[in-house]
Amino acid sequence: MGKTRNRVVAFFLAMCMLLSVGAVFGSQPAEAAKKPKLSAKKMTVYIGKTKTLKVKKNGTKTIVKTSWKVSNKKIVTLSKKKKTSVKLKGKKTGSTKVKAVVRYRRKGTKKVYKTTLTCKLKAEVYVSPAAKKKANVKKATTQYSSLAKLAEKHGMKLGTVVNYGYMSDTNYKNLVKYHFNSLTAGNEFKAYSLLDQQKSAQNKDGMPVMNYAMADAIMDFAKANGIKIRGHVLVWHAYMSDWFFREGYDQDKKYVSKAVMQKRLKYYIQDVITHFEKKYPGVIYCWDVVNEAVADSSVGNDKRNLRTDNQFYQILGSDYVEQTFLYAKDVVEDLGADIKLYYNDYNAFFAAKREEICNLATSINSYVKDDSGQYRKLCDGIGMQGYIGGYGTQTGCMNEAQIPLIKTAIEKYASLGFEVQVTEMAVRNYSGSTKNMKTHAEFYKKLFQMFIGINTGEDKPLKAVSIWGLFDDPTLTQGSYGYSMNGPYCGLFDELYGVKDSFKNVYSVLK
């Protein structure tokens, strides 16, 4: 009897355990069935304009029917109601929400299911990008002191880039003339932009002919607003018109002799410097005489490490840089102009290239002697292009270890008797995330703290900082030249000319 009762109890306990386990496993939720969803949970609708809100299947089979309803028709109205979309139109400012009752079928079943989806709506008055830029520029020029005037207290100019196309952008011009006192043309002062092939070929004396129309438009703007210009650039091998080096300025004819090329180059430099100085006296305060002549990798035993794969070098010879500076110096002295002559290059703050640039600059200033037997100082300064960070990639961007490298380079060039300018500066940033924007602003702060620190003494070696990466441009395509050179989030200002934290940090440091 006792054994039987024990068996019953054991059986009862076993059944309880099985039921308990079953209950536990049965209580585990099945994978949530997929449901349709709206294309947005929040949406801004502009008054008088329409936007489309869509229903997405989100893994379901079909959308059978959708009923649309808005909470407040005085704020937003609905039209063109379809099972997969609806048109929203703003009526007056305010907030409301739209509700969508969606009937749909799941895959593998004919049953119709129902779900209710909502989207919060905010109706605003539409402001065009141009109007936003205008409002942002007004704030930037009324709520802040001029960056240039603040920089002047530290012994340096503050510059940026300008192109002919910007001459029709009133917002840009208003921002530039308030915050900057130095401008560099992106392309309009370069030889391939100034040279006129047809007129050069027709010129009876064989000398090149220039078209100054676009460059003069930039000069007109600068002169009218009391802004100085960095002349950029007299000689640069990249993108240079090959016909400039050929007989009759004809692409199909052979290259000219060294003597002819020297005559052409000397004439070109004389004509360009003289044109701007006589028409706009005192506006150009320095010229980049030669740009990017030093190679990236070793090309031989020449301590200057010059690029050899260009017609300037191959026709004029290995001293073409020195020749170019001599021609420019002669013109400046003949005019009695207060114009400094610079050599300009990128990666100029990395040790190896820094030393090669030093060797080149020293060679320029020991090229010819004056009547008293002293070497003429043909080169006054070094332009350090300020593209900082990885090229085309976030890796290596905003690396604070580069700031002391830039400082060391400025000090090194200054120790050899050269002025220094940081030119074409872009603190590269390829990500618009909150974290990266904060890092960008902090990097700018530390960079300008270094700039100010290096100019604290009587000798102020850093004469100017020119920011080319001034605005964000999220529309840049990955892999494009603009994307790689600057990064879409490199600016002190956003794409609508609004001040960023990077601007505020620079402003705070300068102030």
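Strand β3 (residues 50-56) and strand β6 (residues 85-90) run antiparallel and are joined by 5 bridges. The model described here is a predicted one. Two of the residue pairings between these strands can be named: L53 has V86 of β6 as its bridge partner, and T50 stands opposite K89 of β6.

**The antiparallel sheet**

β3 and β6 belong to an open sheet of 4 strands, ordered β1-β3-β6-β5, in which the pairing is antiparallel. The edges are taken by β1 (37-38) and β5 (76-79); each has a single partner strand, so one side of each is left without a neighbour in the sheet. For β1 that partner is β3, and the two pair in the antiparallel sense over 2 bridges. Within this pairing, L38 is placed opposite V55 of β3.

**The mixed sheet**

Another open sheet, also of 4 strands, has the order β2-β8-β7-β4 and mixed pairing. Its edge strands, β2 (42-46) and β4 (62-70), each pair on one side only. On average, and with direction ignored, neighbouring strands of this sheet are turned by 30° against each other. β2 runs parallel to strand β8 (residues 112-124), to which 5 bridges join it. One of the pairings here is that of K42, whose bridge partner in β8 is K120.

| Strands | Sense | Bridges | Example pairing |
|---|---|---|---|
| β3 and β6 | antiparallel | 5 bridges | L53 with V86 |
| β2 and β8 | parallel | 5 bridges | K42 with K120 |

**Helix packing around α11**

Two packed helices are described by the angle between their axes and the distance between the axes. Helix α11 (residues 351-364) takes part in a contact with helix α10 (residues 320-335), where the axes come within 9 Å and cross at roughly 50°. The two helices are therefore oblique to each other. α10 passes α11 in a right-handed crossing. On the α10 side the contact involves V321, E322 and F325, which meet L360, S363 and I364 of α11. By class, the residues of this contact divide into 4 nonpolar, 1 polar and 1 charged.

α11 also packs with helix α12 (residues 402-415), at an angle of about 15° and with the axes 11 Å apart. An angle under 35 degrees counts as roughly parallel, which makes α11 roughly parallel to α12. The crossing of α11 and α12 is right-handed. R354, E355, I357 and C358 of α11 make this contact together with T408, A409, K412 and Y413 of α12. The residues in the contact of α11 with α12 comprise 4 nonpolar, 1 polar and 3 charged.

**Aromatic pairs**

The structure holds 25 aromatic pairs. One of them is formed by Y172 and F471, whose ring centres are 5.8 Å apart and whose planes stand at 55°, so the pair is tilted. Y172 lies in helix α4 (residues 170-179), whereas F471 lies in the loop between β16 (462-467) and α14 (481-486); the pair therefore ties together parts that are 299 residues apart in sequence.

Definitions and conventions
Residues are numbered from 1 along each chain as its sequence is written. This is a predicted model: local features need pLDDT of at least 70, side-chain atom pairs count only at pLDDT 80 or more; totals for chains, interfaces and linings use all residues. Side-chain values use heavy atoms; hydrogens and water are left out. Axes are lines fitted to C-alpha atoms, for helices over the stretch in contact, and angles run from 0 to 180 degrees between N-to-C directions. Angles under 35 degrees count as roughly parallel, over 145 as roughly antiparallel, 65 to 115 as roughly perpendicular and the rest as oblique. A crossing is left-handed if the near helix is turned anticlockwise from the far one by less than a right angle, and right-handed if clockwise. Contact means heavy atoms within 4.5 Å. Ala, Val, Leu, Ile, Met, Phe, Trp, Tyr, Cys and Pro count as nonpolar, Asp, Glu, Lys and Arg as charged, and the others, Gly among them, as polar. Two strands pair if DSSP finds at least two bridges between them. Rings of Phe, Tyr and Trp (its six-membered ring) pair if their centres lie within 6.5 Å; planes under 30 degrees apart count as stacked, over 60 as edge-to-face and the rest as tilted.
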